[in-house]
Every structure is written in structure tokens, then in C-alpha cells.
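Reader: I am new to this structure and would like a guided look at it. Could you take me through it one question at a time?

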Amino acid sequence: MDPLDPDPQVIAEAARCLVAGGLVAFATETVYGLGALASDADAVARIYRAKGRPAHNPLIAHVADVAAARALAARWSEGAEALARAFWPGPLTLVVERAPGAVVHGSAGLTSVALRVPASPVALALLRAVGAPVVAPSANPSGRLSPTRAEHVVQGLGERVDMVLDGGPCAVGIESTVVDLSGDTPRLLRHGTLDVAALRAMLPALETSIYDPLPGGARSSPGLDPSHYAPRAVLEVLPRAAIAAQIPSFPGPHGRLMRESIADAPGHERVLGSHPEVWAARLYDELHNLDALGVERVWVETPPGDPAWWGIADRLRRASAPRP
Ligand code: TXA
Ligand code: MG
């Protein structure tokens with residue numbers, strides 16, 4: 001469908017499917033989500049089965065606007081209001097204490113709930129048509145690469161999904177930034193593409209140091225397992241010179257994602273340049289492509305250390321972590 005002007009009849013059909021207990025995968029600006037009606041316990045249980053997702057990992061409830069988010073929260077702080085006004089609709093998820101009466105399944109036993117108003121017209125049209133919260137994790141088998149195209153959803157989940165709303169490639173390309181406002185101190189739980197300094201300007205008390213995506217840094221979030229976002233191929237993050245040194249002796253088919261080319265070396269090379277937004281937008285798609293080419297090894301050039309790259313550094317660290 002037209003990603004900027006989705007067909008209302010198709011949207012209405014998808015909304016009916018959700019209301020009837022179906023699973024609908026849909027484009028958002030970050031990655032494709034696998035949606036179910038938040039109030040439907042059976043449909044939400046199907047999401048966990050379809051993905052093979054551990055029960056301890058809670059889901060994000062997607063809503064159409066700030067008022068609908070506020071209705072699910074026990075308290076809506078000034079910080080929540082400021083972040084919501086600044087970044088919604090957009091790639092930000094806020095964790096707040098859940099309102100006592102709110103029926104949102106997929107909370108993994110927590111008293112909090114994660115909320116997001118996505119920006120993509122396809123997602124917003126669907127949420128408006130449903131008129132109720134839709135829980136949606138990324139539409140991939142648990143632990144694997146997130147989908148940034150409808151084809152990735154079909155390849156990964158196939159018949160386990162009732163309908164896929166194809167809104168073309170995702171513009172942002174990695175998952176939303178997650179901020180936890182449920183405790184006394186606001187904490188960053190997952191890096192995305194939002195600028196940490198801009199978040200801190202809105203919310204000076206934001207605790208980010210407990211979560212450092214660079215090698216050796218600490219991490220803290222329920223459900224954020226060390227190995228995650230992984231392609232089929234073994235992925236290694238190395239400086240450019242180390243990649244150049246490994247290529248000649250590697251026996252199998254291999255690929256590499258570089259800021260600058262290692263010209264004339266064999267293997268499937270993708271040059272993504274020096275802008276973190278471009279890396280975010282293309283990262284999963286390139287890794288899906290390299291998997292489809294059957295490479296055994298992917299080398300990725302170590303990202304720069306500055307905060308604009310932390311979302312990418314985080315995904316690469318998890319994609320290269322030892323697998324269970
Ligand atoms: O961009 C995104 O956030 C995408 C699109 C589809 O919206 N969704 C996504 O969902 O990435 P998922 O399930 O793959 O990741 C959700 C993250 C998980 O790390 C989960 O542990 C965390 O959000 N989360 C959800 N509810 C939470 C809660 N109540 N407290 C703390 N973390 C929570
Ligand atoms: Mg996910």
C-alpha cells in the first residue's frame with residue numbers, strides 16, 4: 001500500500017482482523033510490529049508462540065495519541081508529558097506504571113506498561129481504525145534480526161501471521177528508544193535513534209550511565225537478552241584494518257558492512273558511509289540480504305564512539321554476542 005496514504009479499506013480489514021483475535025504485522029517507522037489487540041489474552045499468547053518469545057519479556061502497547069497513552073497510565077508525570085509532546089508520534093517508548101483498570105496483556109507480570117505512539121501513517125491509521133491499544137513486538141522470531149520490510153516478516157514468520165500491512169521499507173530502521181519513567185529515577189532502557197542529549201534536555205534527571213552499549217558497559221532491562229538481533233551468519237565487529245587482515249584467510253563466503261570501502265578485496269561489500277541515520281536505516285536490511293546470499297561470516301566496521309552511534313553499537317554488540 002502507499003506508505004504515506006494507506007488504503008482505508010485495507011486498513012479497515014486489518015482492524016477487523018485484530019478485533020476478531022487475529023495477528024496483523026504492520027509497518028512502523030522503526031521496524032515492522034506483530035500486533036494483537038491488547039485486551040485479547042489468547043491473541044497476545046499467540047504472539048509469544050509465533051515468535052518463540054520468552055514469557056518474561058513484556059510487549060509495547062501502541063496507541064494513536066497521547067490521550068490514549070495517558071489513559072493506560074496510573075500516573076502521567078510532567079516528564080512523561082514533556083517527552084510525549086516532544087517525540088510522539090515517533091521512535092520513543094515510555095514505560096510507566098499501568099492504570100489499575102487497564103487491560104493490557106503481555107506485561108510479563110510487571111505492574112508497568114510500555115507505551116508508544118508510532119509515526120508511520122500505516123501504523124497510525126491502523127491504531128485509529130482499531131480504536132484500542134495494540135501490543136506489538138518486532139515481527140521476527142525471537143532473538144533474530146528485526147524486519148524492516150514486509151518480505152522479512154513473511155520469510156521469518158510466514159503462516160503464523162494472519163495479515164501483513166506492507167508499508168515499504170522502514171525509515172528509521174532500528175527499534176525505538178525506551179525510557180523507564182515508572183520508578184523514582186527516569187532511566188534509559190534501550191538506545192534507539194533519539195539523541196540522548198535531547199532527551200536529557202527534556203528530562204535532566206535521566207539516568208543513562210547505567211546503560212552503556214560499548215564493549216564492557218553495563219546493561220539493564222527485563223527481556224533485553226545479551227544475544228539478540230542476530231543474523232544467521234556469524235557477525236563480528238572489528239576495526240577496518242582487522243577486517244582487511246581477516247579476509248584473505250577466511251575460507252567461506254563472507255560479507256562486510258563498512259563506512260569506507262576495502263577496495264578490491266573479495267566478498268560481498270556494502271559501503272554505508274559515515275552517517276548514523278543511514279546505518280540505522282540500512283543495517284537490518286543489509287544483514288537480511290547477506291543472510292539471503294548465504295554468507296557464513298559478516299564483518300562490521302566498529303562504529304564511532306559518540307552517542308549518535310549508540311543505538312547501532314548496541315544492536316551490533318547483541319548481534320555479535322555468543323548465542324545460547
Ligand atoms: O520500535 C519498536 O519499539 C518496535 C515497534 C514495532 O514499535 N517494537 C519493539 O518491540 O522493538 P520489542 O518487543 O521487540 O521490544 C520491546 C522492548 C523489550 O526490550 C522489552 O523488554 C521492553 O521493550 N519493554 C516492554 N515493556 C516493558 C516494561 N513494562 N518495562 C520495561 N521494559 C519493557
Ligand atoms: Mg524485538
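Author: Below are questions and answers about this predicted model.

Reader: Let's start with the sheet of 9 strands: which strands stand at its edges?

Author: This open sheet has mixed pairing, and its strand order is 7-1-2-6-3-5-4-8-9.

Reader: Now the pockets: which element gives the largest share of the lining of the largest pocket?

Author: The largest pocket holds about 660 Å³ of space. Its lining has 43 residues, and those closest to the centre are Arg53, Asn57, Pro58, Ile60 and Arg190. Two or more lining residues come from each of strand 3 (60–62), strand 5 (112–116), strand 8 (177–180) and strand 9. The largest share, 4 residues, belongs to strand 5.

Reader: How many residues in the lining of the largest pocket are charged?

Author: Sorting the lining by class gives 19 polar residues and 17 nonpolar ones. The charged class has 7.

Reader: What about the second largest pocket: which elements give two or more residues to its lining?

Author: The volume here is about 260 Å³. Among its 14 lining residues, Gln155, Gly156, Arg232, His288 and Asp291 are the closest to the centre. By class, the lining has 6 nonpolar, 5 polar and 3 charged residues. The elements that give two or more residues are helix 6 (150–157) and helix 9 (276–292).

Reader: Turning to charges, how many residues apart in sequence are the parts that Arg46 and Asp162 tie together?

Author: Side chains of opposite charge can pair when their charged atoms come close. The side chains of Arg46 and Asp162 form a salt bridge, with 3.2 Å from N to O. Arg46 belongs to helix 2 (residues 41–51) while Asp162 sits in the loop between helix 6 and strand 7, so the parts they tie together are apart in sequence by 116 residues.

Reader: There is also a sheet of 4 strands: which strands are its edge strands?

Author: This open sheet has parallel pairing and the order 10-13-11-12. On average, neighbouring strands are turned by 15° against each other, direction ignored. Pairing on one side only marks the edge strands, strand 10 (234–238) and strand 12 (268–271).

Reader: Which residue of strand 13 is the bridge partner of Leu238?

Author: Strand 10 and strand 13 (residues 297–301) run parallel, joined by 5 bridges. In strand 13, Leu238 has as its bridge partner Glu301.

Reader: At what angle does helix 9 run to strand 11?

Author: Helix 9 lies across strand 10, strand 11 (254–258), strand 12 and strand 13. To strand 11, helix 9 runs at about 175°.

Reader: Last, the backbone: which residues does the cis peptide bond with omega of about -10° join?

Author: Most residues other than glycine have a negative phi, and most peptide bonds are trans. Pro89 lies in the loop between helix 4 (78–87) and strand 4 (92–97). The cis bond, with its omega of about -10°, joins Trp88 and Pro89.

How values were computed
Residues are numbered from 1 along each chain as its sequence is written. Chains are lettered from A and ligands numbered from 1 in the order in which they are written. This is a predicted model: local features need pLDDT of at least 70, side-chain atom pairs count only at pLDDT 80 or more; totals for chains, interfaces and linings use all residues. Side-chain values use heavy atoms; hydrogens and water are left out. Two strands pair if DSSP finds at least two bridges between them. On a 1 Å grid over the protein atoms alone, a cavity is a set of points where a 1.4 Å probe fits but cannot get out, and a pocket is an open set with protein on both sides within 12 Å along at least five of seven lines; lining residues have an atom within 4 Å of a point. Grid points are joined across faces, edges and corners, and a volume is the space filled by probe spheres set on the points. Ala, Val, Leu, Ile, Met, Phe, Trp, Tyr, Cys and Pro count as nonpolar, Asp, Glu, Lys and Arg as charged, and the others, Gly among them, as polar. A salt bridge is a side-chain nitrogen of Lys or Arg within 4 Å of a carboxyl oxygen of Asp or Glu. Axes are lines fitted to C-alpha atoms, for helices over the stretch in contact, and angles run from 0 to 180 degrees between N-to-C directions. Contact means heavy atoms within 4.5 Å.
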